[in-house]
Amino acid sequence: MDYFDPHIHMVSRITDDYATLSRMGCIGVSEPAFWAGYDRGTVEGFRDYFEQLTSVERNRAASYGVEHYTWLCINAKEAENVSLSREVLAMIPEFLDRPGVLGIGEIGLNKNTSNEAIIFTEHVDLAVKHKELILIHTPHLEDKLQGTRMILDLLKHDGRPERADVLVDHVEEHTVRHVLEAGYWAGMTLYPTTKCTPARAADIVEMYGPERLLVNSAADWGPSKPTAVPDFIFEMRRRGHSESIIKRVVYDNPLEFFGRCRRFKAPDRIAK
Amino acid sequence: MPLPNSPLSADEILEREFLPLRSRLLDIAAALDRFERASDDHLEAKPAEAKSSEAKLSETNATKMRLAQVEEALQILLDSANSDRAERIQQLFSREYDANWHTNWLASNQEQIGRNSPSIDDKKEDA
């Protein structure tokens with residue numbers, strides 16, 4: 001089955017992973033800007049990173065027939081540095097019209113601090129003013145419920161983003177209902193130990209239906225599995241679910257969400 | 001809307017899940033045993049570690065809190081009332097949400113919020 005991975009950090013994966021993803025049916029990857037494992041020191045570091053996302057990664061993916069899309073931001077962890085964040089925010093518009101850029105992300109909260117919330121609102125403001133989609137990271141583990149509700153409060157207080165232009169990612173059993181009831185897209189991340197599993201994601205689809213749900217691997221430089229979306233497909237098939245329901249989650253929903261970006265160009269394989 | 005009918009019956013689900021369940025329960029049992037053996041070792045005479053009494057107390061309190069959470073989670077597993085164990089265990093391990101946080105945050109950060117927000121005029125013109 002052809003599928004998208006709507007959240008994967010290919011900049012931290014070797015090229016063999018593109019080869020594997022392509023063979024397993026992945027036709028497009030969507031890569032949010034994220035924390036590299038250390039705090040970058042300057043806005044020029046981010047400029048180089050955005051250059052890598054919008055050029056090198058697109059070329060690497062293309063050589064395996066995978067379309068690469070990307071998102072731009074300063075991530076929640078580094079957002080604690082307000083002055084650097086504002087420099088990065090001012091620089092982002094330089095890259096917004098590059099091919100493959102889908103919008104602003106992955107913004108969000110990390111430890112749910114005041115500074116993180118300030119920079120989150122400024123990212124939302126940037127996205128609204130430039131008419132961009134938004135991809136949101138919700139915090140890890142014990143911070144997730146509190147942080148998700150704070151994020152939803154901030155979006156509600158702003159009031160401007162269209163619900164259909166916002167994906168709230170890394171939802172789990174205790175946050176998915178809040179996100180879906182608020183009208184946003186909800187991403188389930190299949191990541192070892194700290195996030196969801198294919199079986200639990202399948203449970204969530206069964207409990208809430210496939211509307212506005214997506215799955216992703218968020219594979220990065222840590223222990224993670226870039227083929228997690230095919231694991232979900234396999235789990236759903238094992239349970240006897242129809243191909244149309246599975247395709248809704250792994251293909252139709254990402255296509256519909258990405259398609260709301262005016263710059264979005266579907267993978268060549270679809271266009272043909 | 002939830003999916004209408006689960007393709008698998010309850011018997012089929014248990015048939016599939018029994019061995020993985022058994023395996024995960026053993027993992028939990030072994031981890032708890034491991035913890036208790038380490039606790040018993042700690043109670044026996046061991047060379048004193050160079051930790052302050054405050055550090056030791058803090059460690060003990062953190063351990064007690066985590067153990068209490070684990071025990072409460074195990075109790076949730078036994079409660080078959082609403083088929084929402086996963087959600088309840090997630091909530092158990094979550095920080096509290098304060099419904100007044102936003103009002104307090106706005107009041108404390110009036111000068112910072114909205115300052116230097118990038119405007120569309122900041123977008124560089126194409127050459």
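The crossing of helix 2 and helix 3 of chain A is right-handed, where right-handed means that the near helix is turned clockwise from the far one by less than a right angle, and left-handed that it is turned anticlockwise. Welcome to this structure, a predicted model in which local features need pLDDT of at least 70, side-chain atom pairs count only at pLDDT 80 or more, and totals for chains, interfaces and linings use all residues. Residues are numbered from 1 along each chain as its sequence is written, chains are lettered from A and ligands numbered from 1 in the order in which they are written, and side-chain values use heavy atoms, with hydrogens and water left out. Helices (H or I, at least four residues) and strands (E, at least two) are DSSP runs, numbered from the N terminus.

**Helix 3 of chain A and its surroundings**

- Helix 2 (43-62) of chain A packs against helix 3 at an angle of about 40°, with the two axes 9 Å apart. Axes here are lines fitted to C-alpha atoms, for helices over the stretch in contact, and angles run from 0 to 180 degrees between N-to-C directions.
- Helix 2 and helix 3 of chain A are therefore oblique to each other. Angles under 35 degrees count as roughly parallel, over 145 as roughly antiparallel, 65 to 115 as roughly perpendicular, and the rest as oblique.
- On the helix 2 side, V43(A), F46(A), R47(A) and F50(A) meet L84(A), E87(A), V88(A) and M91(A) of helix 3. Contact means heavy atoms within 4.5 Å.
- Helix 3 (residues 82-91) of chain A has seven of its 10 residues buried, so it is largely enclosed by the rest of the structure. Buried means under 20% relative accessible area, exposed over 50%, and partly exposed in between (1.4 Å probe, protein chains only).
- Those buried residues are V82(A), L84(A), S85(A), R86(A), V88(A), L89(A) and M91(A), and they pack against helix 2 and helix 4 of chain A.

**The sheet of chain A**

- Eight strands of chain A form an open sheet in the order 1-2-3-4-5-6-7-8, with parallel pairing. Two strands pair if DSSP finds at least two bridges between them.
- Strand 1 (3-5) and strand 8 (213-216) stand at the edges, each with a single partner strand, so one side of each is left without a neighbour in the sheet.
- On average, neighbouring strands of this sheet are turned by 25° against each other, direction ignored.

**Strand 4 of chain A and its neighbours**

- All eight of the eight residues of strand 4 (residues 101-108) are buried, so this strand is largely enclosed by the rest of the structure.
- Strand 3 (residues 67-72) runs parallel to strand 4 and is joined to it by three bridges; here T70(A) stands opposite V101(A).
- Strand 5 (residues 133-137) also pairs with strand 4 in the parallel sense, over five bridges, and I107(A) stands opposite I136(A) of strand 5.
- From strand 4 the chain crosses through helix 4 (residues 114-129) to strand 5, and this β-α-β crossover is right-handed. For a crossover, that word means that, with the strands pointing away from the viewer, the path from the first strand over the helix to the second runs clockwise.

**Strands 7 and 8 of chain A**

- Strand 7 (residues 185-189) and strand 8 run parallel and are joined by four bridges, with A186(A) opposite L213(A) of strand 8.
- Helix 7 (residues 198-208) lies across both strand 7 and strand 8, running at about 175° to strand 8.

**Helices 8 and 9 of chain A**

- The axes of helix 8 (residues 228-238) and helix 9 (residues 243-258) come within 10 Å and cross at roughly 155°. That makes helix 8 roughly antiparallel to helix 9.
- The crossing of helix 8 and helix 9 is right-handed.
- V229(A), F232(A), I233(A), M236(A) and R237(A) of helix 8 meet E243(A), I245(A), I246(A), V249(A) and V250(A) of helix 9.

- Chain B has four helices and zero strands, and from the N terminus on its elements run α-α-α-α.
- Buried residues make up 11% of the 127 residues in chain B.
- R238(A), which lies in helix 8 of chain A, is partly exposed, with a relative accessible area of 37%. Not counting residues up to four places away in sequence, R238(A) touches L8(B) and R16(B).
- E15(B) is found in helix 1 (residues 10-43) of chain B and is exposed, with a relative accessible area of 65%.
- The C-alpha atoms of E15(B) and A29(B) are separated by 22 Å, and the two residues are 14 residues apart along the chain.
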